[in-house]
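Colleague: I'd like to learn how to read a few features off a model like this one. Could you walk me through them?

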Amino acid sequence: MSMVRRVVGGVDTHADTHVAAVIDHNGGTLAVESFPADHTGYESLLGWLVSHGEISRVGVEGTGSWGVGLSRFLHKHGVVVVEVDRQNRQSRRRVGKSDATDAVAAARAALSGSAAVVPKTRNGPVEQIRILMVARRSARSQRIDTLNQLRHLVFTGPEPIRSRFKDRPKTGLITEVAKLRPRKGSDPVLFTTQVTIRGLARRIQMLNTEIKNLDSMLTGLVGETAPSLVELYGVGTETAATLLITAGDNPQRLRTERSWAHLCGVCPIPAGSGKTDGRHRLNRGGDRQANAAFYRIVLTRMSSHPETKTYVARKRAEGKNTPEIMRCLKRYVARETFKHLPRAA
């Protein structure tokens, strides 16, 4: 009775084509092939991998960018996918760089276990939240830029505009300018300025409406996905959405709260050796959006949460400064929020 050969795949992803490699369990290269980056190409790639043996796992570069479609497809078909980072500089100098060598390196990283991170599935409500947050950040950024442009044109505009609008608060300024009815007269600069600032004000109103609609959808999705997370002190809808995006639609890939803290960059990093063994340093890695979310939670609690204020006073008495106290609190918040992430049934 012949035994089925077990193989490991690796894929170097690009916008139009994906280069795949398949290796045996000794690390030997069996084949390298290129496939289109579309559904038909994904089917061909999977069939090609299966033709070489039973697939143990597939290492994919760029599971959050060019490789997201392939990762979804493989996950849907029950293939174990691991996320592979690009090779370090030393390896690239030794073996060079090409799509084929990158694909083989991805397969060997998956085989050795140096690449063992399970990527986000991106196929559920958290992916919906991520898409809404992208649109919301864009709309908010455009609103800020447009408001700054409006104020600048008011400050530098003709005297009738300056004297009428320069001291208006933001809300009143937008409302009044949007109602302008410019008429051509003897001053063409005044007319052009009025037409322009009216357009900017109406653009801000449109962006306000868009942000309001996005917020309404986000509130509903976040509340349905992780209702207990939003109930934590200092955790609003936007902060909860950021943490959910970091965890992904499959937070069960984070096996312990330590892995969650490490992903969010709030766990101390060992930095000792020899006589300085036991020393730790600040972790500057991890997901910076999640780290910023923890910062906002901690800042809110330090200002208005009684238990946190008591903790801060005790730590100050022990000689710790504000950044050190905030790092301790971030680690605690990571431990607390991990318990409220949605888990697979």
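Modeller: Happy to! Keep in mind that this is a predicted model. Let's begin with charge patches: a patch is made of residues with over 30% relative accessible area and no salt bridge, and like charges are joined within 9 Å.

Colleague: Which residues gather in a patch of positive charge on the surface here?

Modeller: The patch brings together R281, R284, R288, K320 and R327. Among them, K320 sits in the loop between helix 13 (306-317) and helix 14 (322-338).

Colleague: Does K320 count as buried, partly exposed or exposed, and why?

Modeller: K320 counts as partly exposed because its relative accessibility is 31%.

Colleague: Now backbone angles, please. What should I look for in phi?

Modeller: Most residues other than glycine have a negative phi. In this model, R122 has a positive phi, near 55°. R122 belongs to the loop between helix 4 (99-112) and helix 5 (125-156).

Colleague: Is R122 buried or exposed?

Modeller: R122 is buried, because its relative accessible area is 15% and buried means under 20%.

Colleague: And how many aromatic pairs does a search of the whole structure find?

Modeller: The search finds three aromatic pairs. One of them joins W260 and F294: their ring centres are 6.3 Å apart and their planes lie at 85°, so the pair is edge-to-face. Planes over 60 degrees apart count that way.

Colleague: Which parts does the pair of W260 and F294 tie together?

Modeller: W260 is in helix 11 (residues 257-263) and F294 is in helix 12 (residues 288-304), so the pair links parts that are 34 residues apart in sequence. Both W260 and F294 are buried.

Key
Residues are numbered from 1 along each chain as its sequence is written. This is a predicted model: local features need pLDDT of at least 70, side-chain atom pairs count only at pLDDT 80 or more; totals for chains, interfaces and linings use all residues. Side-chain values use heavy atoms; hydrogens and water are left out. Patches are made of residues with over 30% relative accessible area and no salt bridge: like charges are joined within 9 Å, nonpolar side chains (Val, Leu, Ile, Met, Phe, Trp, Tyr) within 5 Å. Accessible areas come from the Shrake-Rupley method with a 1.4 Å probe; for residues, only the protein chains shown count as cover. A salt bridge is a side-chain nitrogen of Lys or Arg within 4 Å of a carboxyl oxygen of Asp or Glu. Lys and Arg count as positive and Asp and Glu as negative; His and the chain ends are not counted. The place of a charge is taken as NZ of Lys, CZ of Arg, CG of Asp or CD of Glu. Helices (H or I, at least four residues) and strands (E, at least two) are DSSP runs, numbered from the N terminus. Buried means under 20% relative accessible area, exposed over 50%, partly exposed in between (1.4 Å probe, protein chains only). Rings of Phe, Tyr and Trp (its six-membered ring) pair if their centres lie within 6.5 Å; planes under 30 degrees apart count as stacked, over 60 as edge-to-face and the rest as tilted.
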